[in-house]
Protein chains: 2
Amino acid sequence: MADPMYRVIAEDLQNQIEARMLPAGAQLPTELELRDRYDASRNTVRDAIKWLITRGLVETRPGQGTFVVEKIVPFVTTLTGTPETSSGEGRTYKDEVSALFRQPSATAPRVEIQEASDAVAELGIGADQQVVSRHQERSIDGTPWSLQTSFYPMALVLRGATRLIQAGDITEGTVAYLEETLGIKQVGYQDTIMVRAPHGSESRFFRLPGDGRISVIEVRRTAFDEQGAPVRLTISVYPADRNLFAVNVGQVPESIAAPPSAVLAEPAADSDQSFAAGGAGPAPRQE
Amino acid sequence: MADPMYRVIAEDLQNQIEARMLPAGAQLPTELELRDRYDASRNTVRDAIKWLITRGLVETRPGQGTFVVEKIVPFVTTLTGTPETSSGEGRTYKDEVSALFRQPSATAPRVEIQEASDAVAELGIGADQQVVSRHQERSIDGTPWSLQTSFYPMALVLRGATRLIQAGDITEGTVAYLEETLGIKQVGYQDTIMVRAPHGSESRFFRLPGDGRISVIEVRRTAFDEQGAPVRLTISVYPADRNLFAVNVGQVPESIAAPPSAVLAEPAADSDQSFAAGGAGPAPRQE
DNA sequence: AACGATTTGTTCGTATGTATC
DNA sequence: TGATACATACGAACAAATCGT
């Protein structure tokens, strides 16, 4: 009784969706039809639809209609290191996604040299110095899935890691490349995870409603070498409605840590593994 | 030019806020004043304010006005185990919060016995069996900060852990209690992290706008014993606008892993540490 | 305790713009 | 090109919460 009408309408539609009376992919009645059916105004119906969008139940397509979202299979990103494979190394991004029988794709890295801003303070670099940024867009099954930007101190390039400033993939991965070229070994990292409204460019890439109703997850990975100096900052942005993260600590049964229904993609540097195998990785796994 | 008017208004107000022309805590002009100032309708002004709410810049208080939010100091929750303290053990929730010079508080656990539902499938328990749930509300400096519910298989109570079904704190923590009483040692856990719109009760406790514009973060921690059997499922819910999570893997400099400006509160069982010290915890830390 | 003034919340009706088919 | 459907915008009215008198 106390509930405003737009929520009454929204909850009624939600029940119909969850009872499969409105199956996944189905089109909802138009706003004008709903207005008549609930004897409300079109604006009130639209408020109800916004409420459903926020909960990820429907999506609107201008000129077409409002549709029940297809059941999204969340993509699981494990933040604490991939399990050993037969080669003893972590798998690449594409291998990990393919293991789930899903089709990954990624643009070639776009490379820029920028002034260090506050946003890359984790690299411990002064404001007048420069950083290399390598930016990549990733999709799964044709759906845009994440935006990723890695920052490296420009000093690494001057010391000889010149391929960092070349566009295009570094097939062995930048972590391995830095170890081969400069002997810099990545021994650990810290991820920080936060939720915020999407920027305009993120809304466009992920095709999210422009009013910020669906938020994004930002994961900032700061990687350290043996001296404890930060060597890389990777910022990954994921739409919150189709992603899920996992963290394993201590002994976790293998069937849980790497379930066949999930996939383990780290916010790796470029397209390769982000962590030096054999280093001080995650705790040993029980067998 | 292409931007709709409500976003033009919102971005203008955003600039004023970020330039401190509208300092934290200040009241914005009323909707009617803004309507006159921007020569728009009140509804359009209200759309602009909703856009600012979604970005966490302002809040509305019915009957009072719209205010610039005070700078929120995010509370950092570290998911990969607390650093060793002098005693060699993790700290309790209250100790960890106090270490940041902030005032923690928590309600006494509310204990219930429930049928196992789909929501606790991680415990690997059939639908007709029973679980113990222990629910707690936590606040910091008087601000509601998290809701936490731990589930234990009822079998543990039958085997002698009778204090699980008593309301009130288990001061040494349920993890230590289970090890003392039944010899069950927690050796690892998996956290899964997801973002969703808040339920009604969560909106009320966290005082979030009722339309789900601010989302919550749900962390599900499944803890395992030495046999790889799940012994506990803890579901923690945090409002996304004042929380931040950290994950440390491998060697991370101490100043980063445990910065003085952050605090390390795990989604522990009840109010005590969640992880058996000396077990297969996170990798050793560099000095 | 009661009341009035102020401010945000909800709902309505209408009109026009823009994307899609 | 026209028809359909969602997006934005306007103006108006009343409800509900808050605060001071």
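## Chain A overall

Of the 287 residues in chain A, 53% are buried, in a model that is predicted. The secondary structure of this chain comprises eight helices and 11 strands, and its accessible surface amounts to about 12800 Å², with 50% of that surface belonging to carbon and sulfur atoms. Among the contacts in chain A with a separation of 6 or more, 64% are between residues 24 or more positions apart.

## The interface between chains A and B

Between them, chain A and chain B bury about 3700 Å², and carbon and sulfur atoms account for 57% of this area. A:Ile193, A:Val247 and A:Val249 together supply 16% of the area that chain A buries against chain B, more than any other three residues. The contact draws 47 residues from chain A and 46 residues from chain B. Across it there are 11 residue pairs in polar contact, both residues of each pair being at pLDDT 80 or more, whereas the count of salt bridges between the two chains is zero.

On the side of chain A that touches chain B, the elements giving two or more residues are helices H1 (5–18), H3 (42–54) and H8 (254–257), together with strands S8 (186–196), S9 (216–225) and S11 (243–250). Strand S8 of chain A gives the largest share, nine residues. Sorted by class, this side of chain A has 26 nonpolar, 15 polar and six charged residues.

B:Val247 belongs to strand S11 of chain B, residues 243–250, and it counts as buried because its relative accessible area is 0%, where the limit for buried is under 20%. Leaving aside residues up to four places away in sequence, B:Val247 touches A:Leu79, A:Thr80, A:Tyr189, A:Gln190, A:Asp191, A:Ile193 and A:Val247 in chain A, and B:Leu79 and B:Thr80 in chain B. B:Leu147, 100 residues from B:Val247 in sequence, lies 21 Å from it in space, C-alpha to C-alpha.

## A buried glutamine

A:Gln148, in strand S7 (residues 143–153) of chain A, is buried, with a relative accessibility of 4%. The side chain of A:Gln148 makes a polar contact of 2.9 Å with the side chain of A:Arg138 and another, of 3.0 Å, with the side chain of A:Ser236.

## Salt bridges

Side chains of opposite charge can pair when their charged atoms come close. Over all chains the count comes to 24 salt bridges. One of them joins A:Arg46 to A:Glu31, with the closest N and O atoms 2.9 Å apart; A:Arg46 lies in helix H3 of chain A and A:Glu31 in helix H2 (residues 31–38) of chain A, so that the pair links distant parts of the chain, 15 residues apart. A:Arg46 is partly exposed at a relative accessible area of 34%, while A:Glu31 is buried at 16%.

A:Asp241 and A:Arg242 also meet through their side chains in a salt bridge, at 3.4 Å from N to O. Here A:Asp241 is partly exposed, with a relative accessible area of 30%, and A:Arg242 is buried, with a relative accessibility of 9%. In chain B, a salt bridge forms between B:Glu31 and B:Arg42, whose closest N and O atoms are 2.7 Å apart. Because B:Glu31 lies in helix H2 (residues 31–38) and B:Arg42 in helix H3 (residues 42–54) of chain B, this pair ties together parts that are 11 residues apart in sequence. B:Glu31 is buried at 16% relative accessible area, and B:Arg42 is partly exposed at 41% relative accessibility. Finally, salt bridges with shared partners join A:Glu122, A:Arg196, A:Glu202, A:Glu218 and A:Arg220 into one network.

Methods
Residues numbered from 1 in each chain as written. Chains lettered and ligands numbered in written order. Predicted model: local features only at pLDDT ≥ 70, side-chain atom pairs only at ≥ 80, totals over all residues. Heavy atoms only, no water. Helix = DSSP H or I, 4+ residues; strand = E, 2+ residues; numbered from the N terminus. Buried < 20%, exposed > 50% of the residue type's maximum accessible area, 1.4 Å probe, protein only. Contact = heavy atoms within 4.5 Å. Areas by Shrake-Rupley, 256 points an atom, 1.4 Å probe, with all protein chains shown as cover. Buried area = accessible area lost by both parts, 1.4 Å probe. Salt bridge = Lys/Arg side-chain N within 4 Å of Asp/Glu carboxyl O. Polar contact = N/O pair within 3.5 Å; in protein donor to acceptor, adjacent residues only side chain to side chain. Nonpolar A, V, L, I, M, F, W, Y, C, P; charged D, E, K, R; others polar.
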